[in-house]
Amino acid sequence: MNNKEIVSKLWNLCNVLRDDGITYHQYVTELTYILFLKMAKETETEGGIPENYRWDRLKEPKGIELKRFYKELLRHLGEDSIGIIREIYAGAFSSIEEPKNIEKIITSIDSLDWYSAKEEGLGNLYEGLLEKNANEKKSGAGQYFTPRVLIDVMTKLIEPKAGELCNDPACGTFGFMIAADRFVKDGTDNLFNLSLDQQKFQKEKAFTGCELVHETHRLALMNAMLHGIEGEIMLADTLSNHGKVMKDFDVVLTNPPFGTKKGGERTTRDDFTYPTSNKQLNFLQHIYRSLKSNGKARAAVVLPDNVLFADGDGASIRKDLMDKCDLHTVLRLPTGRL
């Protein structure tokens, strides 16, 4: 069984939860809580999980006892654990009311062909699940998931290199940084051509991001972990003053959200030369200001057409961009393709 077939089986489990009123996006989040424990067992990385809340313990209770235990597990891992485990489970709660549905998901996950999944890569399996969710129009998750073909093209054109600091200030489920990591690994024989210090840098420092939505941030953390990436993924608003610390990058790859700030209020960033309520114009300012000024830093970003033609602040920001950067290419995508 290949990963595509496993993803299909996992996705079909959402039918189990329909009677509980679980949305597609909630389903992927619920699945993430349980998948994390199973994948930790399969990869022998359960050390950071308290023994009483590991996969084998989750399989034991049934019925109402399982429901109580599952909710206690989510609370404990989100409040009393440490590190990446606490980040993934922070604020976690289950919307599943029927204990048999929890049991069905656990049993189904346990029975999957995990040997084949590990052969193809658990990161690829999880990314396939996120892509499936994004392609389901009813899920509303497409806003957090850029089509992989576009991510790969932009990454290939930017050519991230080993030793460079890469960032996505609106990272969604972390697809751009995972593609950048894959590109570097492909060019360095899966990092084997690098020194131990360089390998450590690639794993812990090279790829970072920021995501505003808590549930999506949780998915990004899981996705990064399964791809062996330990760089910081902030839970914050890049367009607030939290975003001011995101700077001095060699590479920025991103597809930021479009539109205006809710209610039309101006951004809370106090360091933009041209403050505006327009999100894409503010993200554009952030992106070129966050690059190193060494003449080698580069960025690729998805923006709507109006950024190219907006008057007022838009014209001023375009001029500032042209003064500070060497704009290489503007590629117009077909209408309705993203």
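**Contacts and strand pairing in a predicted model**

Glutamate 72 and arginine 75 both lie in helix H4, 3 residues apart, which is about one turn of the helix. Helices here are DSSP runs of H or I with at least four residues, strands are runs of E with at least two, and both are numbered from the N terminus. The two side chains form a salt bridge, with the closest N and O atoms 3.0 Å apart; the term requires a side-chain nitrogen of Lys or Arg within 4 Å of a carboxyl oxygen of Asp or Glu.

Before I continue, a word on the basis of these values. This is a predicted model, in which local features need pLDDT of at least 70 and side-chain atom pairs count only at pLDDT 80 or more, whereas totals for chains, interfaces and linings use all residues. Residues are numbered from 1 along each chain as its sequence is written, and side-chain values use heavy atoms, with hydrogens and water left out.

Buried means under 20% relative accessible area, exposed over 50%, and partly exposed in between, with a 1.4 Å probe and protein chains only.

By the salt-bridge rule, the count comes to 26. Which residue does lysine 62 meet in a salt bridge? The partner is glutamate 103, and the closest N and O atoms are 3.9 Å apart. This pair links distant parts of the chain: lysine 62 is in the loop between helix H3 (55–58) and helix H4 (63–79), while glutamate 103 is in helix H6 (residues 99–110), 41 residues apart. Lysine 62 is partly exposed at 45% relative accessibility, as is glutamate 103 at 26%.

Aspartate 323 and lysine 319 form another salt bridge, at 3.2 Å from N to O. They are separated by about one helical turn, because they stand 4 residues apart in helix H15 (residues 313–324). Both aspartate 323 and lysine 319 are exposed.

I turn now to the aromatic rings. A pair of aromatic rings is described by the distance of the centres and the angle of the planes. Rings of Phe, Tyr and Trp (its six-membered ring) pair if their centres lie within 6.5 Å; planes under 30 degrees apart count as stacked, over 60 as edge-to-face and the rest as tilted. The structure holds 4 such pairs. One of them is tryptophan 11 with tyrosine 27, edge-to-face at 5.8 Å centre to centre and 75 degrees between the planes. Tryptophan 11 belongs to helix H1 (residues 3–12) and tyrosine 27 to helix H2 (residues 24–42), so that this pair links distant parts of the chain, 16 residues apart. Tryptophan 11 is buried at 7% relative accessibility, and tyrosine 27 is buried at 1%.

Phenylalanine 36 and tyrosine 89 also pair edge-to-face, since their ring centres are 5.7 Å apart and their planes lie at 85 degrees. Phenylalanine 36 is in helix H2 and tyrosine 89 in helix H5 (residues 83–89), so the pair ties together parts 53 residues apart in sequence. Both phenylalanine 36 and tyrosine 89 are buried. Together with Tyr33, they form one aromatic cluster.

Next, the strands. Is strand E2 (residues 207–211) largely enclosed or open? 5 of its 5 residues are buried, so E2 is largely enclosed by the rest of the structure. Phe207, Gly209 and Glu211 point one way from E2, and Thr208 and Cys210 the other way. Two strands pair if DSSP finds at least two bridges between them. Strand E1 (residues 166–168) pairs with E2 in the parallel sense over 3 bridges, and asparagine 167 stands opposite threonine 208. E2 also pairs with strand E3 (residues 233–235), again parallel and over 3 bridges; there, the bridge partner of glycine 209 is isoleucine 233.

Strands E4 (residues 251–254) and E5 run parallel and are joined by 4 bridges. Valine 251 has arginine 298 in E5 as its bridge partner. Strand E5 (residues 298–301) has a covered face, Arg298 and Ala300, and an uncovered one, Ala299 and Val301.
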